[in-house]
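This report walks through one structure step by step, moving from ring pairs to helix contacts, then to the sheet and to a few single residues. Please keep the sequence and the 3D view at hand while reading.

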Amino acid sequence: MNRAAYWLWLAAKDGMTALAKNQLLSRFGTPEHLYAMTRAEWEALPGLTRKQIDALSDKSLERARAIAFDCEKLHIQIITQADSAYPDILRSIPDPPLVLYVKGTLPDLEGVPGVGVVGTRKASPYGLLAANEFGKGLARAGFTVVSGMALGADAAAARGALEAGGKTIAVLAGGLNICYPPQNNFLMGDIQLSGAVISENPPGTPHDGFRFPIRNRIISGLSRGVLIVEAPKRSGALITAHLALDQGREVFAIPGTIHAPNSVGCNQLIRDGEAALVMRPGDIAQALGHVARRAPAISTPPAPLPAHDLWDKIQQYTEQPETPAEPKPAGPPKIPDSVNDTQREILQAVLDGAETPEEILEKTDLPAARVMTELTMLELDGILGRKNGAIVRKF
């Protein structure tokens, strides 16, 4: 059996976050090892929900074969974490995609490092001009422009890079056989000629709204730094900024007038010391010059455990180093009235002791993708936060 089939088998398991799948791989080594494990072994492993055990116990490779067939028919390349073509810098984040689907050719991100350029879809003329100019300038300075190919600032930056003869990567939320947004069909074709359009989701996957915040970690994960062009107070661009900070990336922001809603997010990032103010592409090139050709720090997964040691070490899989507890707000907690029903369910799980997305999934039985999206929005609203990887409440 082709090894890629096992990667596709694991990647296609719904109800498990990328972080959870990577944690399993870091402990047991390969998808083949996970595929060979029995239901009894999964049930003996702490921390898995019933749905996850059901999914991991399903040995059917039919979906994997169907995905591989579709990719061959559509000329989509499949790159797994085991392949040398997989970007090393993306491997360095805690929850890299197990599989990348690629149309075009991925640039060498060691020789031509990536800089994410993102912003609101409803960009102002000022934002569109700035995004285009920074896209051109970064390309001329030897950087790959990484974006989500969205309308507005993302597309303007990608076009700027193309106009300068540079390389680009567009990260889509759904399948590569569906151009999203459809207005960028020609842009998508142009990007493939000078770089690549990629996704972690197989062909046919719809571009559902909940997939976009999850996708944003790949934009920042491929990049040495991320530029926020324009961002309202609640926007996907700010989600990308905070993901970049969590991943240890540099964050830059273009300032705007205090009277423009589109500049609120950028101005706040600068004010709070979370982003460096930039006025020209050279500011970013200068800030990233010292890392331009530095190999990223990658945590090498341990080798698979011998069978006779597997269960002796099982407890170690879930142990985490002790960290100081985050002080809780004074007084009895009260879930804010402004949250939606799904967020309320998540917050109740946090009040009941959940500190990770996996624990929330176990307590709520909500879809994994929806939990990740709502967690991000709750963090942006200042209702939840993170401390040493654990979710903490701020209400």
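## Aromatic pairs

In this predicted model, the count of aromatic pairs comes to three. One of them can be followed in detail: the ring centres of Y6 and Y35 are 5.0 Å apart and the ring planes stand at 65°, and since planes over 60 degrees apart count as edge-to-face, this pair is edge-to-face. Because Y6 belongs to helix α1 and Y35 to helix α3 (residues 31-36), the pair ties together parts of the chain that are 29 residues apart in sequence.

## Two helix contacts

Two packed helices are described by the angle between their axes and the distance between the axes. The table sets out these values for two contacts.

| Helices | Angle between axes | Distance between axes |
|---|---|---|
| α1 and α6 (residues 62-74) | roughly 110° | within 8 Å |
| α8 (residues 125-140) and α9 (residues 153-163) | about 35° | 7 Å |

Angles of 65 to 115 degrees count as roughly perpendicular, and α1 and α6 are therefore roughly perpendicular to each other. The crossing in which α1 passes α6 is right-handed. On the side of α1 the contact is made by A5, L8 and W9, and on the side of α6 by A64, I67 and A68. The residues of this contact divide into six nonpolar, no polar and no charged.

The crossing of α8 and α9 is right-handed. Here L128, A131, N132, G135, K136 and A139 of α8 meet a group in α9 that consists of A153, A156, A157, R159, G160, A161 and E163. What kinds of residue make up the contact of α8 with α9? They divide into seven nonpolar, three polar and three charged.

## The sheet and the helices packed on it

Nine strands form an open sheet with mixed pairing, and their order across the sheet is β1-β2-β6-β5-β4-β3-β7-β8-β9. Strands β1 (77-80) and β9 (276-277) stand at the edges, where each has a single partner strand, so one side of each is left without a neighbour in the sheet. Within the sheet, β7 (residues 225-228) and β8 (residues 250-253) run parallel and are joined by four bridges.

## Single residues to look at

L243 is found in helix α12 (residues 236-246). Although L243 and N216 are 27 residues apart along the chain, their C-alpha atoms are separated by 7.6 Å. Leaving aside residues up to four places away in sequence, L243 touches P213, N216, R217 and S220.

Most residues other than glycine have a negative phi, and most peptide bonds are trans. H75, which is not a glycine, has a positive phi of about 60°, and H75 lies in the loop between α6 and β1. A cis peptide bond, with omega about -5°, joins Y180 and P181, and P181 has its place in the loop between β5 and α10 (185-194).

Key:
Residues are numbered from 1 along each chain as its sequence is written. This is a predicted model: local features need pLDDT of at least 70, side-chain atom pairs count only at pLDDT 80 or more; totals for chains, interfaces and linings use all residues. Side-chain values use heavy atoms; hydrogens and water are left out. Two strands pair if DSSP finds at least two bridges between them. Helices (H or I, at least four residues) and strands (E, at least two) are DSSP runs, numbered from the N terminus. Axes are lines fitted to C-alpha atoms, for helices over the stretch in contact, and angles run from 0 to 180 degrees between N-to-C directions. Angles under 35 degrees count as roughly parallel, over 145 as roughly antiparallel, 65 to 115 as roughly perpendicular and the rest as oblique. A crossing is left-handed if the near helix is turned anticlockwise from the far one by less than a right angle, and right-handed if clockwise. Contact means heavy atoms within 4.5 Å. Ala, Val, Leu, Ile, Met, Phe, Trp, Tyr, Cys and Pro count as nonpolar, Asp, Glu, Lys and Arg as charged, and the others, Gly among them, as polar. Rings of Phe, Tyr and Trp (its six-membered ring) pair if their centres lie within 6.5 Å; planes under 30 degrees apart count as stacked, over 60 as edge-to-face and the rest as tilted.
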